[in-house]
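Please examine the sequence and the structure shown below.

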Amino acid sequence: MEQFLENYGHLGWGKWYDALEKLVKEKRAFLDSAGGNFKTFKQVVDTLPEIDSHTVDPSFDLSSNAVRVGQADQLLPDEKERLYNGLVNLCPWRKGPFDFFGVHVDSEWQSWMKWERLAPHLPHLENKKILDIGSSNGYYMFKMAAQNPMFALGLEPQSAFYYQYCAAQKYLNLKNVFCLPATYNDLPAMNRFFDLVLCMGILYHRKSPVEMLRQIHDSLAPGGRVVVENLVIRGENNSCLFPFDRYAKMRNVFFIPDLSAMEAWLIRAGFSDIRCVDITETTLEEQRRTPWIQTESLEDFLDPNDPSKTVEGYPAPVRAIFMATA
Ligand SMILES: C[S@@+](CC[C@H](N)C(=O)[O-])C[C@H]1O[C@@H](n2cnc3c(N)ncnc32)[C@H](O)[C@@H]1O
C-alpha cells in the first residue's frame with residue numbers, strides 16, 4: 001500500500017495525495033492490529049515460501065487464461081507443499097484461475113471469460129490511472145497491468161480476497177498494481193482524477209446505484225471511462241427487478257435493472273456515449289464449484305426443475321457490460 005504513495009508522491013497530486021495518504025495510514029494501522037480473519041490470512045501469506053533466495057526471478061504471463069507466475073521446477077518439493085497448503089488456506093478462490101509455480105488454482109469463476117468479453121472494448125490503458133472497485137484478488141488488475149497503465153488501484157474489503165491479492169503480488173511483484181483493504185465509501189472524493197473506473201459485480205448490491213454512479217462520474221477526468229458490469233433483466237421497459245429477499249441465494253441484492261433502466265441510471269449520473277457492449281447469461285461453465293471453494297455455486301442457486309429461474313423463482317442471472325464516458 002505504502003508503495004503507491006512512494007511511487008506517485010512526486011507527481012504533485014496535492015489534496016488527492018493527502019487524502020490517499022490518510023487512507024493508507026488508516027488501513028495500515030487497521031491491518032497491523034486486526035484480529036480474526038485478517039490476522040489469520042496475513043499469517044498465511046507471511047508463511048508462503050519466499051522466492052528471494054532463488055537466483056532466477058520467476059517469469060509471469062498475464063495473457064493466458066490463468067494469471068501465471070513461475071515454473072514448477074523453480075521451487076523445492078517442500079516449498080511447493082507449503083505454497084499449496086498456504087493457497088488452500090486462503091480459500092475460497094472466487095476469481096481466477098491462477099497458476100503459481102505449477103500449482104493451479106481453479107477458482108469458482110472462469111474470470112477469463114468476462115475478461116474476453118470486456119477487453120476488446122477497453123480504451124488504451126498505457127499510462128492511465130485505473131480504479132477497480134471490488135477488485136477481489138486482483139485478477140482483472142493483473143490482466144490490465146499487461147498494458148502498462150500508470151497504475152491500477154483496487155478496493156477490496158474482504159479479508160480472504162485481499163490476502164489472495166497479497167499472495168499473488170508476493171510472486172508477481174507488479175509495481176503498478178495496488179490494492180487497499182477498503183470499501184468504496186472509504187475512498188475520499190477524488191474528483192476528476194481517474195481515467196478508467198471498473199465497477200463490476202457491485203451495483204446490484206447498492207441501495208442507491210445512481211448515487212454511486214454519480215460519485216464514479218465525478219471521480220473521472222473529463223473523457224474518462226467507466227465500465228459497469230451488472231446483473232440485468234432482459235428487456236427495455238425501463239424497469240427493475242427488486243427482490244423481496246434473496247436473489248440466487250444472495251443477500252443484499254437490491255435493484256436489477258433492465259437495459260433501458262441501466263442506460264437511464266448512467267444518463268442521470270451524468271455519463272454520455274453509453275454503450276451496452278455485452279449481454280451474457282451466466283453458465284455452469286463460467287461459474288461452478290471447484291475444490292478451491294467450499295460453498296455452493298451457480299447450480300445450487302438455480303431451480304433444479306427449471307434452470308431459467310433462480311431458486312426464488314426470479315429470472316436466472318444475466319450480466320451486461322456497459323461502457324460510458326464522463
Ligand atoms: C461480485 S464480486 C465482483 C468481483 C470483480 N469485480 C468481478 O467483477 O469479478 C464483488 C466484490 O466487491 C467487494 N465489495 C463488496 N462491497 C464493496 C464495497 N462497498 N466497496 C468495494 N468493494 C466491495 C466484494 O468483497 C467482492 O470481492
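**The ligand and its surroundings**

In this predicted model, an N or O atom in the side chain of Glu156 lies 2.6 Å from an oxygen atom of the ligand; a polar contact is a pair of N or O atoms within 3.5 Å. The model is predicted, so local features need pLDDT of at least 70 and side-chain atom pairs count only at pLDDT 80 or more, while totals for chains, interfaces and linings use all residues. Residues are numbered from 1 along each chain as its sequence is written, and side-chain values use heavy atoms, with hydrogens and water left out.

- A polar backbone atom of Met200 is 2.9 Å from a nitrogen atom of the ligand.
- The protein buries 83% of the 590 Å² that the ligand exposes when taken alone (Shrake-Rupley method, 1.4 Å probe).

**Nonpolar cores**

- The largest nonpolar core has 102 residues; such a core is a set of buried (under 20% relative accessible area, 1.4 Å probe, protein chains only) Ala, Val, Leu, Ile, Met, Phe, Trp, Tyr and Cys residues joined through side-chain atoms within 4.5 Å.
- Helix H7, at residues 159-172, gives the most to this core, with 10 residues (a helix is a DSSP run of H or I, at least four residues, numbered from the N terminus).
- Apart from this core lies another of 10 residues, including Tyr204 and Phe301.

**Arg234**

- Arg234 is exposed, with a relative accessible area of 54% (exposed means over 50%).
- Beyond four places in sequence, Arg234 touches Asp258, Ile279, Glu281 and Val318 (heavy atoms within 4.5 Å).

Terms used: Helix = DSSP H or I, 4+ residues; strand = E, 2+ residues; numbered from the N terminus. Polar contact = N/O pair within 3.5 Å; in protein donor to acceptor, adjacent residues only side chain to side chain.
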